[in-house]
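This report describes one part of a protein model, from its sheet to a single residue. Please keep the sequence and the structure in view while reading.

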Amino acid sequence: MTSALPYALVATDLDGTLLRAGDTVSDRSYAALAAARAAGARHIIVTGRPVPQVRHVLDRLGYTGLAVCGQGAQVYDAAAGLLLHSVAMDRELAEVALGKIEAEIGEVYAAVNQEGLDAEMLIGPGYRMWHPHLPTVPVARRCDLWASPINKVLLQHSRLSDDELTEVARSVVGDLVNVTMAGEHTVELQPPGIDKASGLAVAAELLDVTGSSTIAFGDMPNDVPMFAWSAHGVAMADAHGELLAVADEVTLSNEADGIAVVLERLYG
């Protein structure tokens with residue numbers, strides 16, 4: 001990779017960052033990413049969604065690179081349709097973590113993303129899916145969530161906001177699991193040590209690039225580790241305050257082609 005490049009790797013979150021409403025990418029953003037690739041940079045998608053919930057987006061984009069999925073638990077080769085790296089969450093640990101959280105704040109509603117290329121998202125009693133375009137499978141009992149290997153647990157609470165639920169979960173089980181907020185109504189528990197930075201580091205090694213040559217774009221607290229790993233972190237205009245606090249730069253919103261604005265400046 002030529003040293004003349006401003007950044008050898010462009011890492012983009014999807015929801016609220018690269019994607020517009022309806023899981024679409026604007027022509028301008030598509031062209032800006034193509035220009036960065038033409039200049040010699042690599043583009044990598046880094047998303048909280050597991051592979052089964054993001055594959056349709058990658059296909060629509062004609063994306064053939066590596067994708068970090070499942071909040072860093074998976075590295076997916078889109079061209080080959082293969083999982084190159086995957087980390088499962090210990091289901092007993094997940095149950096223990098939920099129990100400790102509920103002992104503190106009462107009942108939480110839970111869902112899980114299962115492991116694998118064709119795995120399902122299971123929705124436990126009381127959990128509300130706020131993204132109806134993503135397929136889910138309701139289960140009758142909490143214990144049914146643990147029927148097959150999983151890579152993360154998603155939480156909701158009837159009273160607490162996302163920020164409040166995240167804060168409580170971190171204080172109660174932050175030493176057992178990784179707790180993050182990935183978006184509205186999306187508080188998640190992951191295996192310890194797994195986040196977007198850990199998954200991106202695995203993918204970057206495969207691509208023979210480093211964090212010191214990476215620019216990252218995001219909008220939510222789950223992007224904080226990715227910003228810390230990368231040389232330059234760019235938050236979207238309407239990003240969560242936790243991410244804005246650590247961003248090196250703030251661009252326009254996803255709906256206003258914030259990624260394209262920066263890439264056109266760097267690679268135009």
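## Helix α9 and the sheet

Helix α9 lies across β1 (9-12), β12, β13 and β14, and runs at about 160° to β12. Contact means heavy atoms within 4.5 Å. Axes are lines fitted to C-alpha atoms, for helices over the stretch in contact, with angles from 0 to 180 degrees between N-to-C directions. Helices (H or I, at least four residues) and strands (E, at least two) are DSSP runs numbered from the N terminus.

The model is predicted: local features need pLDDT of at least 70 and side-chain atom pairs count only at pLDDT 80 or more, while totals for chains, interfaces and linings use all residues. Residues are numbered from 1 along each chain as its sequence is written, and side-chain values use heavy atoms, with hydrogens and water left out.

## Strand order and pairing

The open sheet has eight strands with mixed pairing, in the order β5-β4-β3-β2-β1-β12-β13-β14. Its edge strands, β5 (82-86) and β14, each pair on one side only. Two strands pair if DSSP finds at least two bridges between them.

Strand β12 (residues 214-218) pairs in the parallel sense with β13 (residues 232-235) over four bridges. Within this pair, I215 has H232 as its bridge partner, and F217 stands opposite V234. From β12 the chain crosses through helix α7 (residues 224-229) to β13, in a right-handed β-α-β crossover. Right-handed means that, with the strands pointing away from the viewer, the path from the first strand over the helix to the second runs clockwise. β1 and β12 also pair in the parallel sense over four bridges, and the bridge partner of T12 in β12 is F217.

## Burial of β12

Because five of the five residues of β12 are buried, this strand is largely enclosed by the rest of the structure. Buried means under 20% relative accessible area, with exposed over 50% and partly exposed in between (1.4 Å probe, protein chains only). T214, A216 and G218 point one way from β12, whereas I215 and F217 point the other way.

T251 lies in the loop between β14 (249-250) and α9 (258-267). T251 is buried, with a relative accessible area of 8%. Residues that T251 touches include V234, A235, I259 and V262, not counting residues up to four places away in sequence. The T251 side chain reaches the backbone oxygen of G258 at 2.7 Å.

Note on methods: A polar contact is a pair of N or O atoms within 3.5 Å; within protein, one must be able to donate a hydrogen and the other to accept it, and residues adjacent in sequence count only if both atoms are side-chain atoms.
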